[in-house]
2 protein chains.
Amino acid sequence: MVTIADVARHAGVAPSTVSYVLTGRRSISSRTRTRVRESIRQLGYHPNAGARAVASSRVDVVGLVLPLRPGVHLPVLMRFVTAAVATARAHGLDVLLMTADRGAQDLRRVAADAQVDGFLVMDVELHDERVPLLRQMGRPSVLIGRPAVVNGLTCVDFDFEAAGARCVDHLADLGHRCIGFLGSPSVVYQRNAGYAQRAMAGFGAAAMRRGVASTALPVECDYESVLATVRSLLRTQPATTGLVVHNEAALNWVAASLRALGRRVPDDVAVVAICPDELAEQLRLTSVRLPAEELGRQAMELLAARLSGRPTAALTLLPPKLSCRASTGPRLRRV
Amino acid sequence: MVTIADVARHAGVAPSTVSYVLTGRRSISSRTRTRVRESIRQLGYHPNAGARAVASSRVDVVGLVLPLRPGVHLPVLMRFVTAAVATARAHGLDVLLMTADRGAQDLRRVAADAQVDGFLVMDVELHDERVPLLRQMGRPSVLIGRPAVVNGLTCVDFDFEAAGARCVDHLADLGHRCIGFLGSPSVVYQRNAGYAQRAMAGFGAAAMRRGVASTALPVECDYESVLATVRSLLRTQPATTGLVVHNEAALNWVAASLRALGRRVPDDVAVVAICPDELAEQLRLTSVRLPAEELGRQAMELLAARLSGRPTAALTLLPPKLSCRASTGPRLRRV
DNA sequence: CTGAAAGCGCTAACAC
DNA sequence: GTGTTAGCGCTTTCAG
């Protein structure tokens with residue numbers, strides 16, 4: 001193994017000089033700098049991560065805490081992850097993957113070990129056991145999602161509430177007076193996932209505001225369930241002409257279900273989805289874009305900032321953006 | 001921060017003794033052992049990972065190399081991952097996530113840095129740029145998948161060839177004389193993904209062996225494509241009464257497409273899938289089980305073995321297992 | 001602008 | 001069965 005001492009000898013300088021060339025923490029004459037660089041190249045030197053960690057008490061690794069909960073749509077989750085990892089690399093950080101349901105325990109261990117400098121915590125629930133832990137550990141961390149108490153933590157989130165409202169406004173603007181909301185599977189609400197609740201709350205509030213009748217239902221992800229739910233929605237509220245869908249996995253089946261029940265999209269029922277753009281594009285659905293990549297990127301960007309001591313906003317909320325596609329038609333005629 | 005010296009002082013022993021209590025690398029009187037353990041507990045001591053790494057040149061971290069290629073079904077991929085991570089933890093290992101498409105480059109860097117002790121490489125292609133690299137880096141590594149040249153590497157794979165064949169045999173045993181194969185999206189074949197090719201090859205060979213007519217087609221993952229592909233398959237080979245599907249994402253749409261084309265399952269067309277059991281269960285499909293968790297677990301188990309110097313088999317091939325469900329009916333009457 | 005040297009926290013000989 | 005001590009490879013004072 002090539003060590004810093006080898007490089008120093010080869011370049012005819014002190015080890016510290018090599019170190020400084022690498023870190024840039026003090027000025028070096030360009031002459032020695034190039035000599036050192038050349039030696040590094042020739043010898044194929046790579047600083048040892050462990051040694052650097054002991055000496056500097058910095059490891060340049062962040063923990064990515066990724067609970068895999070029932071009902072979360074994995075393709076969407078992976079968008080967050082890949083964006084976060086790519087951004088980490090752009091900041092010279094590596095990513096330790098912490099999945100497994102032992103979230104809190106692993107968090108504690110990894111922090112105590114000094115294996116990571118900070119955490120990026122995904123899928124945070126309203127009352128999340130990890131939140132008090134994070135606060136007490138005193139390592140920089142950024143949450144994707146929003147716990148009930150934010151207090152000193154850095155959070156990034158999509159504005160699901162505004163997203164739900166935006167869908168309603170779009171439908172109301174088109175003249176729809178009676179609309180439905182198809183949400184996540186019911187387990188998701190049962191565990192108090194903030195994003196699901198907030199989208200629904202935004203939907204409900206906007207419907208009230210606009211004086212539009214509304215019904216909301218959870219939806220499971222197989223065809224039979226979607227069909228059953230849509231059927232029951234149309235039965236409970238027969239005047240329904242608009243549907244807001246916040247469930248990527250069910251999205252596939254919604255159009256088919258409506259067709260099976262004799263409703264055409266968008267002529268009989270207009271549909272607006274909350275989902276990543278690619279999916280909406282593929283299914284040709286009017287949608288409010290869920291900016292998964294952007295969330296992952298932003299979150300890691302904020303973590304990198306905190307790791308280098310820069311201050312960050314407590315809450316970054318990404319605004320919704322609606323794109324019109326084939327599933328919502330032109331303005332309804334007044335009936 | 002609590003160090004090993006603090007613990008030693010508190011317990012009235014030498015630092016090395018504390019270390020030995022922790023590692024178990026030499027015998028300790030149970031009296032001092034309990035005293036040390038108690039001090040560790042009281043002080044809340046956790047050995048510093050970096051320091052341990054420098055001193056022992058072992059980091060207890062493995063790199064999980066996870067290329068996210070177009071056409072791979074993420075829910076299935078995540079099964080591998082979670083099983084691998086859980087198994088890693090069971091061996092006291094942590095997992096560094098290496099995604100991003102800079103596979104080879106990151107591999108090199110992380111190995112040179114001594115950030116990991118070994119690699120678990122997923123989704124290996126027949127001619128994979130990472131394979132020669134892995135061989136030359138000389139760190140233990142385990143591949144999920146199988147490159148063309150195995151030569152000194154440890155590989156784990158599902159026996160896709162046997163799986164394809166098993167599906168054919170099942171259909172042939174039921175009396176089907178003309179069958180079709182719906183495969184992965186065409187990009188997957190274009191990049192020489194071994195698993196896709198082998199499943200198809202196994203299917204084709206078995207069909208020949210059994211004297212059964214067969215056609216194979218790639219399938220994209222949206223409803224329109226599935227419908228179009230099934231239609232074209234039934235047109236090319238109108239006598240088709242059996243279908244083997246190796247595409248988790250398309251699976252959703254197959255039954256619907258057949259129905260749309262006026263064929264009932266299993267009366268007109270029998271369907272056998274190659275997919276995880278849970279999915280087959282949900283869709284009530286006869287299937288050959290893709291043991292994703294088991295692959296992830298086995299792979300990490302092998303890596304752990306290699307890291308502790310134990311030898312491993314060069315190739316572990318998990319055998320297929322077929323489960324009958326509603327999508328293949330009873331034996332056909334001789335026509 | 002550069003060098004010498006004292007650690008960082010831990011492991012693993014080498015003692016006894 | 002336990003203690004002493006010399007590193008592991010790097011960073012960062014301190015000194016010039």
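Helices here are DSSP runs of H or I with at least four residues, strands are E runs of at least two, and both are numbered from the N terminus. Keep that in mind for the element names.

Now some ground rules. This is a predicted model, where local features need pLDDT of at least 70, side-chain atom pairs count only at pLDDT 80 or more, and totals for chains, interfaces and linings use all residues. Residues are numbered from 1 along each chain as its sequence is written, while chains are lettered from A and ligands numbered from 1 in the order in which they are written.

Let's start with chain A. Its domains are domain 1 (4-57), domain 2 (61-158 + 292-318) and domain 3 (160-289). Those bounds come from an automatic or database domain assignment. Taken over C-alpha atoms, the centres of domain 1 and domain 3 of chain A are 59 Å apart.

Next, the DNA. "Near" means that a residue's C-beta atom, placed from the backbone, lies within 6 Å of the molecule or strand. α2(A) gives the largest share, 6 residues.

Now strand C. There are 29 residues around DNA strand C, and A:S16, A:S27, B:I4, B:S16 and B:A55 come nearest. Here α2, α3 (30-43) and α4 of chain A, plus α2 and α4 of chain B, each supply at least two residues.

On to the two chains. In contact means C-beta atoms, placed from the backbone, within 7 Å. Chain A puts 31 residues into the contact, and chain B puts in 31. On the chain A side, α4, α5 (74-90), β2 (94-98) and α12 (248-260) give two or more residues each. The largest share, 7 residues, comes from α5(A).

Last, a helix pair in chain B. α11 (residues 223-236) and α12 (residues 248-260) pack at about 55°, with axes 9 Å apart. Axes are lines fitted to C-alpha atoms, for helices over the stretch in contact, and angles run from 0 to 180 degrees between N-to-C directions. So α11(B) and α12(B) are oblique to each other. Under 35 degrees is roughly parallel, over 145 roughly antiparallel, 65 to 115 roughly perpendicular, and the rest oblique. Among the residues that meet are B:Y223 and B:L227 in α11(B), and B:W253 and B:L258 in α12(B).

Key
Contact = placed C-beta atoms within 7 Å.
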